[in-house]
Amino acid sequence: MRALPRLAIAALLVAIPAAAVTVTVSAHAAEDPTPITVLTSDFEDGTAQGWGGRSAETVAHSTAQAHGGTGSLLISGRTAAWQGPSLDVLDTFEKGTAYTISVWVRMDSGSDNARLSVERRTGGVAAYDQVVGNTAVTSGSWVNLTGRYTLATDVEFLRVYVETASTTNSFHIDDVTASYVPALPIQTGIPSVKDVVTEFPVGAAITGAEIVTEHGQLLTKHFSTVTPGNALKWDATEPSENTFTYAQADPLMAFAKANGLKVRGHTLVWHNQTPSWVFTGADGQPMTATAEDKTLLLARLENHIRNVAAHYGTDIGVWDVVNEVIDESQSDGNRRSNWYNVTGLDYIRTAFRVAREVAPHAVLCINDYNTNVAAKRDHLFNLVSTLKAEGVPIDCVGHQMHINVNWPTIAETESMLTKFVPLNIDQQITEMDVSIYTSNSENFTTPPADRLLKQAYVYRDMFALFRKYPGEITSVTLWGLADDNTWLDTFPVTRKDAPLLFDTRLQAKQAYWGVADPSKIETSPSPSSPSPSASVSVSPSASVSVSPSASVSISPSASVSISPSASVSISPSASVSPSTGTSSCAVTYRVTGSWPGGFQGEVKIANTGTAAYSGWTLDWQFTGGQRVTQLWGGTPAQTGTAVTVTNASWNGNVPAGGSTTFGFLGSWTGSNPVPAAFTLNGATCAVR
Ligand code: XIL
């Protein structure tokens, strides 16, 4: 974890009076349904329940301690800190599914840090994925480790394990569970961000598994560039001197290539996520500002860039050559990193010179956060001006844009952009996310609707600003794909954040509409509760749409009454068809996944008529007694076997020849027959 940038914290702590927000909105975020548990080890049956050791340590049932019930698992006789309990999950975990793994840990004696990981092997090569990092554990109480894990690759070996950081003391584990929430399909019927924003490429940062299944689909639907979030950093690519590994980045790069995504390389030089050997001198001591150490450090830097940049060649068209070199609390503005302390500014000069030589095609960036803070912005400007005047090949300034719903202002951000215009270099927004938190002391279990609405406005206004500078801004990247995986969940404090365009189940948020179509940002209550502003329009082609659940009665003399207080407009020439209108719809109903007791379905409504729908209500019967438990892209209602789904605010308009699709989760017992008939706005549809 990177050190806490002072200003980022300051920025988060700045108490900017928030405009009173009274609006409530439906987040359109799918609520998390009950997770499906795939693994439980409670050690209540007197056995080790399949757990073994990672080596020759002893793993045995114990009644000396128990988190729940009377039994636990005791791991003793350890001769190394990495030894601990491990369980085979090869047949339990599926590739691309995000599992939440929980384990309770208690030391038998003493104290240590415990961590939870997964070991996987492909072609005999082992990799170790940390699920929960070092967490203090004592013999005095049980401590829970919970984390999420998604397997991204095919494996022949897969085991979950617990180890400790330093001691070989015995410890207990208990009440281990692994569960997942069935993935929702991504919404394919909404505009792609990359098609809406055409002034510059729009991208997302991703980590390991976000190239498989729904995450990969979401990435390619909406984005045209991608940044490996961690996989190209020094600790990932050169963990020990002159040993280069690309195991993390290569799968992402292959996916990008196969899907025509451009890649931003992040990052060649940083003060974080850089192994300590880099700054250790030939004498084994931490480097200082001696000529000898400086020569060695610059040689290591040059070797690193030559290898990493050359490995990917032209596949990486932009590099963040140096990251976060400014510290505006220093009078000269230069961050006192190990790099600076040993080499002065020469590490920046060397990095750009070597990067240009090895990757002459690439756009070379200097990247930093809080560049919308005047003091920092100005130091960065001065540094770039000076270095460029010397001939250092800096092509681009990267503005990270880690912001929140209250900060910064559009004006501050515009000043950030205009400041660099005279330098005649590219500007890129490299790591944008919009935290829902405005101070470090806030903590929401569910993102409040008013924050999500503010966030939508921030995304709307920031993108509108960026689009005013198409000649300056050459790409905009979000620091993450969806709210299920954001670094802000643990930075600057641990709490659930929701800073991106898609929610934890990959469904479009208001923030998405802020970028894709601000007219669709929903400022009124959700369609599930009738709103006073419900409107009914009857067009000459006589489709009647009622949204949301207002009741409408139409008499032959075309008087319309609506409750509650919806407004109705009927054009004089409107002829209102009876509710048994002719077919102008075709419905395709698919079960896309099924498991004992549950299933996932998808319904496509095609408008086969000649007039657009301006709102729709679809009815069918679940004759097998199935129940809709959750639905996205519409509002469901079910009475007995009768299911009614009304459009969401954003997919009510379906042009003639167009279609819309919604998905749902359901429960079933006995059988799960496909509905035989559907009516749309009262008219029977063709079934496809
Ligand atoms: C973050 C990653 O997203 C995290 O997974 C990691 O633990 C820490 O680094 N500025 C940067 C990025 O330049 O590299 C950081 O990425 C976020 C802040």
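## Disulfides, cores and salt bridges

Cys365 and Cys396 form a disulfide, with their sulfur atoms 2.1 Å apart. A disulfide here is a pair of cysteine sulfur atoms within 2.5 Å. The torsion about the S-S bond of Cys365 and Cys396 is about 95 degrees, so this disulfide is right-handed. The link joins distant parts of the chain: Cys365 sits in strand S16 (residues 363-368) and Cys396 in strand S17, 31 residues apart. Strands (E, at least two residues) and helices (H or I, at least four) are DSSP runs, numbered from the N terminus.

This is a predicted model: local features need pLDDT of at least 70, side-chain atom pairs count only at pLDDT 80 or more, and totals for chains, interfaces and linings use all residues. Residues are numbered from 1 along each chain as its sequence is written, and side-chain values use heavy atoms, with hydrogens and water left out.

Is Cys365 buried or exposed? Cys365 has 0% relative accessibility, so it counts as buried. Cys396 also has 0% and counts as buried. Buried means under 20% relative accessible area, exposed over 50%, and partly exposed in between (1.4 Å probe, protein chains only).

The structure holds two disulfides. The other pair is Cys585 and Cys685, whose sulfur atoms are 2.0 Å apart. The S-S torsion of this link is -95 degrees, and the link is left-handed. Cys585 lies in strand S26 (residues 585-595), and Cys685 in the loop between strand S36 (683-684) and strand S37 (686-687); the pair therefore ties together parts 100 residues apart in sequence. Both Cys585 and Cys685 are buried. With the bonded cysteines numbered in sequence order, the pairing reads 1-2, 3-4.

Now the chain as a whole. It has twelve helices and 37 strands. Of its 688 residues, 51% count as buried. The accessible surface of the protein chain comes to about 27300 Å², and 52% of that belongs to carbon and sulfur atoms. These areas come from the Shrake-Rupley method with a 1.4 Å probe; for residues, only the protein chains shown count as cover. Among contacts with a separation of 6 or more, 74% are between residues 24 or more positions apart. Contact means heavy atoms within 4.5 Å.

The largest nonpolar core has 107 residues. Such a core is a set of buried Ala, Val, Leu, Ile, Met, Phe, Trp, Tyr and Cys residues joined through side-chain atoms within 4.5 Å. Which residues have the most contacts inside this core? They are Trp319, Ile366, Met432, Tyr459 and Phe466. Helix H11 (residues 449-467) supplies the largest share of the core, eight residues. Another core lies apart from this one; it has 33 residues, among them Trp51, Val89, Val137 and Val176.

Trp319 deserves a look. Neighbours within four places in sequence aside, Trp319 is in contact with Leu232, Gly265, His266, Leu268, Val308, Ala309, Ala362, Val363, Leu364 and Cys365. Cys365 on that list is the disulfide partner of Cys396.

Charged pairs come next. Side chains of opposite charge can pair when their charged atoms come close. A salt bridge is counted when a side-chain nitrogen of Lys or Arg is within 4 Å of a carboxyl oxygen of Asp or Glu. By this rule there are 28 salt bridges.

Asp395 forms a salt bridge with Arg356, and the closest N and O atoms are 2.4 Å apart. Asp395 is in the loop between helix H9 (374-390) and strand S17 (396-399), while Arg356 is in helix H8 (residues 346-358); the two are 39 residues apart. Asp395 is partly exposed at 21% relative accessibility, and Arg356 is partly exposed at 28%.

Arg467 pairs with Glu199 in a salt bridge, with the closest N and O atoms 2.9 Å apart. Arg467 lies in helix H11 and Glu199 in the loop between helix H2 (193-196) and strand S12 (202-206), so the pair ties together parts 268 residues apart in sequence. Both are partly exposed: Arg467 at 27% relative accessibility, Glu199 at 30%.

Asp154 forms a salt bridge with Lys95, the closest N and O atoms being 3.3 Å apart. Asp154 lies in the loop between strand S9 (143-150) and strand S10 (157-164), and Lys95 in the loop between strand S5 (85-88) and strand S6 (98-107), so the pair ties together parts 59 residues apart. Asp154 is exposed at 56% relative accessibility, whereas Lys95 is partly exposed at 39%.

Salt bridges also link up. Lys294, Asp346, Arg349 and Glu390 are joined in a network of them.
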